[in-house]
Amino acid sequence: MGKRGSRSRSQGQLLSSLTKKQKRHLRDFGEEHPFYDRVSTKEAKPQTCQLSESSDTSSSESEAESEPEQVSGYHKLLATLKNVSKEEEEEDDDDEEEEEDSVVDEAEMNHEDGASDISVEEEMAAESAEMQESVALPADPDGKDGHEPPGTSQESPKEFTDAKHESLFSLETNFLEEESGGNCSLKASKDPFVQHVNKELKEKEIQAIATNTKTTHQLKWPILGQLVFSSKFQKLETFKPPKDVDLKSLHLQKPLESTWIKTNSQFLSGTQKSNSPFTPLQKELFLIMNSYRDLFYPERTALKNGEEIRHVYCLHVINHVLKANAQVLGNNSRRRSQKLGVGDDDDFRDQGLTRPKVLIVVPFREAALRVVQLFISLLEGDSKKKIIVSNKKRFNGEYGSDPEERPPNLKRPEDYEAVFVGNIDDHFRIGVAVLQRSIRLYAPFYSSDILIASPLGLRTILGGEGEKKRDFDFLSSIELLIIDQADIYLMQNWEHVLHLMNHMNLLPLDSHGVDFSRVRMWSLNNWSKYYRQTLLFGALQDAQINSVFNKYCVNMQGQVAVRNVPMTGSISHVLVQLPHVFQRMEAENLASVIDARFNFFVNKILPQYRDAVMSHTLIYVPSYFDFVRLRNYFKKEELNFTHICEYTQKSGVSRARHFFLQGEKQFLLLTERFHFYKRYTIKGIRNLIFYELPTYPHFYSEVCNMLRATTRGEEATWTCTVLYSKYDAQRLAAVVGVERAAQMLQSKKNVHLFITGER
């Protein structure tokens, strides 16, 4: 009796969970629509349906033969991606069935307790979406990330998936609202987004990229300065910024036209608010962003224009996501009204192979917090109607910071305070889904529109070759990549950035429940990297950052790089009377610079400082690998030295500083990363050696000014020696200025400069 009652109760719940359209389909065809099928390896009693008389095969074979519309294009395209073995399919089915059962149990418990705020349709959509997500993402060791490692079931799925809001943010089961203002049928629209995604490349153009030389053209803009437009495609189009910009001409999606002015008001004066909703810098940056060209801006500083730039690229991100989702939802409505079959019209190709469209790479959790807050502000504005933000309390708790945790007596430079503000944890990742004025935080990656992560957080997901638990399919359809504060990654681990770029826009290994009839052809052709826009922001011109922009940015719209030269270097901020000797070393090629610098230092520079008179010598080493090499050499030669690096314990740092100040140690090796993260003032310096020019130009003047910390009448004996080569042209120009750097590189002689004092 109990079994019969439970069976009838479950059948009643199944019927009540069906929509009118599903009930009509069940009544007409005797089965549910294939979109809502529940995949399971367990034998379940089938629903009432009429089978053909010749059907004498097993239940699994009859089900496969009764759905001929799923065999045609879907499996052909799926076969080109990956042939999944039967054993892997059975394991995936078991995992999906366990997730489905847990979600149903949670919904039943909430229903019995009377605390459920989920509608029946939301439960149905949540179950279907959970089945489509066949690969979950690995979680952080501390469990803060909200994604479960693939193939593991240590935690309950309900702790890692937001099933409560799944149906609200599903692109497959939602339709376009009239007030959203989206129009998906603008084939010949002037909207830059529509023109960009609808532009079709030819096979000949793709093949010619390998042989084409990059064409460049230089223009000077009022605020950005010297711009270099480049492209490997045949046509190179340039443009100049108009004097006045109208919001309507920018084709912003609703409600951004009204909310942007409110959100950006802090950067606008009274006259600017009436004339233009952008600052002069924001206007020129957004014009380039809105043209879907790649952009490299190396003058983004946390102290001056960092927030101003963050506002404008968040506007571009939300505008792109709202338009892309409006196109999908609008096509859903058209398909429903026209009752077209799957794959009957190429006009409905509006998606990528996976849902994530935007990847924002930021260094710290505080930056991710500010980005999400801007998203909420841009969608909400000053309207009385608040938007839905799921998991907001959890997000603020994990990404926010307690002001009392920071020591009150800590005195650091202003740029340090601006960079290391708030939560500076550098291991995080979070998925964000945006749909019709609603935001879902901690969305599973394959149900997200926007991914916000640090390089380290992504590296733990991407894994390496040979690792079992790795996943990079969510990067296959990224249309907009933003790398903010790229200079900080040089201080963290630049290899993580290179590893990320090598995995961008690759064909996915699994289908992840995609409807191939809706996928754009250029995405199926593996041409997504030619449609991806990359926005790269940093605080300096660096060879490694330039290499990433030149190698991995191949947007068909072209690239724009800001190439302003520093007229005055950071040496002008040195406040002490100090002779600067720039020692030039020769190297045959870039690969031999490291060995040439070490040999030059050991044979030419170090012998001058071995005498006991040249005590209190600080050797500033930017590269950690050079630091290890010098440390081992000093130990081998039994020199009287101590060292401080980013891995040195606090007690070791205190001892090293004390020994160096008292003169007990003649040399002190100091790494640049330690100075970047700590900014300690090293006392007792009399002789200064820059083993290599610093990465940040202002570090040169900061280290030189440390000599003022202890003045005991030895000013006349202070020295400063700098090693450089012709391959250090960018760093040299940032320190001494472009004109003086050009003379130094041409003369091939050692240069002696003398700074007379404060200026």
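Mentor: Two rings of Phe, Tyr or Trp pair if their centres lie within 6.5 Å. Keep in mind that this is a predicted model. With that rule, Phe 364, Tyr 416, Phe 420, Phe 676, Tyr 677, Tyr 696 and Phe 699 form one aromatic cluster.

Trainee: How many aromatic pairs does the rule give here?

Mentor: The count is 32 aromatic pairs. Take Phe 445 and Phe 474: their ring centres are 5.1 Å apart and their planes stand at 75°.

Trainee: Okay, what makes the pair of Phe 445 and Phe 474 edge-to-face?

Mentor: Planes over 60 degrees apart count as edge-to-face. The planes of Phe 445 and Phe 474 are at 75°, so that's the label the pair gets.

Trainee: And which parts of the chain does that pair tie together?

Mentor: Phe 445 is in the loop between β7 (438–441) and β8 (450–453), while Phe 474 is in the loop between α16 (455–462) and β9 (480–483). The pair therefore links parts 29 residues apart in sequence. Both Phe 445 and Phe 474 are buried, too.

Trainee: How do you know that the charged end of Arg 365 sits over the ring of Tyr 399?

Mentor: For an Arg, CZ has to be within 6 Å of the ring centre and within 35 degrees of the ring normal. The charged end of Arg 365 is 4.5 Å from the centre of the Tyr 399 ring, and it is listed as sitting over that ring. Arg 629 does something like it with Phe 598, lying over the ring face at 4.2 Å from the centre.

Trainee: Now Ile 685. Why is Ile 685 called buried?

Mentor: Buried means under 20% relative accessible area. Ile 685 has 1%, so it's buried. You'll find Ile 685 in the loop between α24 (672–678) and β16 (687–690), and its contacts include His 616, Phe 660 and Trp 718.

Trainee: What about Ser 528: what makes that one buried?

Mentor: Again, the cut-off is under 20%. Ser 528 comes in at 5%, so it counts as buried. Ser 528 lies in the loop between α19 (521–524) and β10 (533–537), and among the residues it touches are Ser 476 and Asn 505.

Trainee: Last one: why is Cys 553 called buried?

Mentor: Its relative accessible area is 3%, so Cys 553 is buried. Cys 553 is placed in the loop between α20 (543–552) and β11 (559–562). Asp 294 and Arg 532 are among the residues touching Cys 553.

Methods. Residues numbered from 1 in each chain as written. Predicted model: local features only at pLDDT ≥ 70, side-chain atom pairs only at ≥ 80, totals over all residues. Heavy atoms only, no water. Phe/Tyr/Trp six-rings, centres within 6.5 Å; stacked < 30°, edge-to-face > 60°. Helix = DSSP H or I, 4+ residues; strand = E, 2+ residues; numbered from the N terminus. Buried < 20%, exposed > 50% of the residue type's maximum accessible area, 1.4 Å probe, protein only. Contact = heavy atoms within 4.5 Å. Lists of a residue's contacts leave out its neighbours within four places in sequence.
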